Amino acid sequence: MTDLLKRVHLLLRAGGSTVATAESLTGGRLAVALTDVPGASETYLGGVVSYATEVKASVLDVEQGIIERHGVVSPECAKAMASGVRAVMGATYGISTTGVAGPADQEGKPPGTVFVGIAGPGLLEVVALELTGKRGQIQDRTCREAFEAFEAVLRREDSSLR
């Protein structure tokens, strides 16, 4: 994943952009991965590990209505988390992860149900994942999938990099 993260960093740097992370099921793994890249301080502003629902609401400003209607394991929550961390950190982009790492179901959804949110200027999208494996495997795969999706967004957003 090192090469992927270097590409993400270079794309952010080339665009003069920054990123912040909002993590639930990955518990800080996105932040660790981003800060392992030399020069990360140029593009990574920080993150929020919002494992508890209350933190999603109070720190990331996820509306209570979203939580009540859709739950925290939902595309709506992933989008709100990404938008929230982008606003809190003043970043160009926000990436979020929410889902079920296991071993038990959450909100009636099985382990491996994951949503990755990406927010940016004029951009708000979500990637839905259905992963298999043990808890750590689901968390690691979520990180890889999140960075692959984010790299695709950065390439798409900057037409000069196509």
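**A buried loop residue and its surroundings**

User: Where is Ser-50 found?

Analyst: This is a predicted model in which residues are numbered from 1 along each chain as its sequence is written, local features need pLDDT of at least 70, side-chain atom pairs count only at pLDDT 80 or more, and totals for chains, interfaces and linings use all residues. Side-chain values use heavy atoms, with hydrogens and water left out. Helices (H or I, at least four residues) and strands (E, at least two) are DSSP runs numbered from the N terminus, and on that basis Ser-50 is found in the loop between β2 (44-49) and α3 (53-58).

User: Does Ser-50 count as buried or exposed?

Analyst: The classes rest on relative accessible area, with a 1.4 Å probe and protein chains only: under 20% is buried, over 50% is exposed, and anything in between is partly exposed. Ser-50 has a relative accessibility of 0%, so this residue counts as buried.

User: Which residues is Ser-50 in contact with, leaving aside its neighbours within four places in sequence?

Analyst: Contact here means heavy atoms within 4.5 Å. With the neighbours within four places in sequence left aside, the contacts of Ser-50 are Glu-23, Ser-24, Val-55, Lys-56, Leu-60 and Met-81.

**Strand β3**

User: How many of the seven residues of strand β3 (residues 93-99) are buried?

Analyst: In a regular strand the side chains alternate between the two faces of the sheet. In β3 both faces are covered, with Tyr-93, Ile-95, Thr-97 and Gly-99 buried on one side and Gly-94, Ser-96 and Thr-98 buried on the other. The strand is largely enclosed by the rest of the structure, because the number of its seven residues that are buried is seven.

User: In which sense do β3 and strand β4 (residues 113-120) pair?

Analyst: Two strands count as paired if DSSP finds at least two bridges between them. Strand β1 (residues 19-23) pairs with β3 in the parallel sense over five bridges, and there Glu-23 stands opposite Thr-97. Thr-97 also stands opposite Val-116 in β4, and the pairing of β3 with β4, which runs over six bridges, is antiparallel.

User: How far apart are the C-alpha atoms of Ile-95 and Ala-22?

Analyst: Ile-95 has its place in strand β3 and, at 0% relative accessibility, counts as buried. Not counting residues up to four places away in sequence, Ile-95 touches Ala-22 among others, including Val-19, Leu-30, Val-116 and Phe-150. Although Ile-95 and Ala-22 are 73 residues apart along the chain, their C-alpha atoms are separated by 6.2 Å.

**Salt bridges**

User: Which residue forms a salt bridge with Arg-29?

Analyst: A salt bridge is a side-chain nitrogen of Lys or Arg within 4 Å of a carboxyl oxygen of Asp or Glu, and a search of the whole structure finds nine of them. In the one formed by Arg-29, the closest N and O atoms are 2.4 Å apart. This pair links distant parts of the chain, 111 residues apart, with Arg-29 in helix α2 (residues 29-35) and its partner in helix α6 (residues 135-157). That partner is Asp-140.

User: What network of salt bridges includes Glu-151?

Analyst: Arg-155 and Glu-151 form a salt bridge whose closest N and O atoms are 3.2 Å apart, and these two are separated by about one helical turn because they lie four residues apart in helix α6. Arg-155 is partly exposed at 32% relative accessible area, whereas Glu-151 is buried at 10%. The network links Arg-7, Glu-151 and Arg-155.

**Cavity and pocket**

User: What is the volume of the largest cavity?

Analyst: On a 1 Å grid over the protein atoms alone, a cavity is a set of points where a 1.4 Å probe fits but cannot get out, while a pocket is an open set with protein on both sides within 12 Å along at least five of seven lines, and lining residues have an atom within 4 Å of a point. Grid points are joined across faces, edges and corners, and a volume is the space filled by probe spheres set on the points. The structure holds one cavity of 30 Å³ or more. The largest cavity is lined by Leu-5, His-9, Leu-34, Val-37, Ala-40, Thr-43 and Tyr-44, and its volume is about 40 Å³.

User: Which elements give two or more residues to the lining of the largest pocket?

Analyst: About 180 Å³ of space lies in the largest pocket. Of the 17 residues that line this pocket, the closest to its centre are Tyr-51, Gly-99, Val-100, Ala-101 and Gln-106. The elements that give two or more residues to this lining are α3 and β3.
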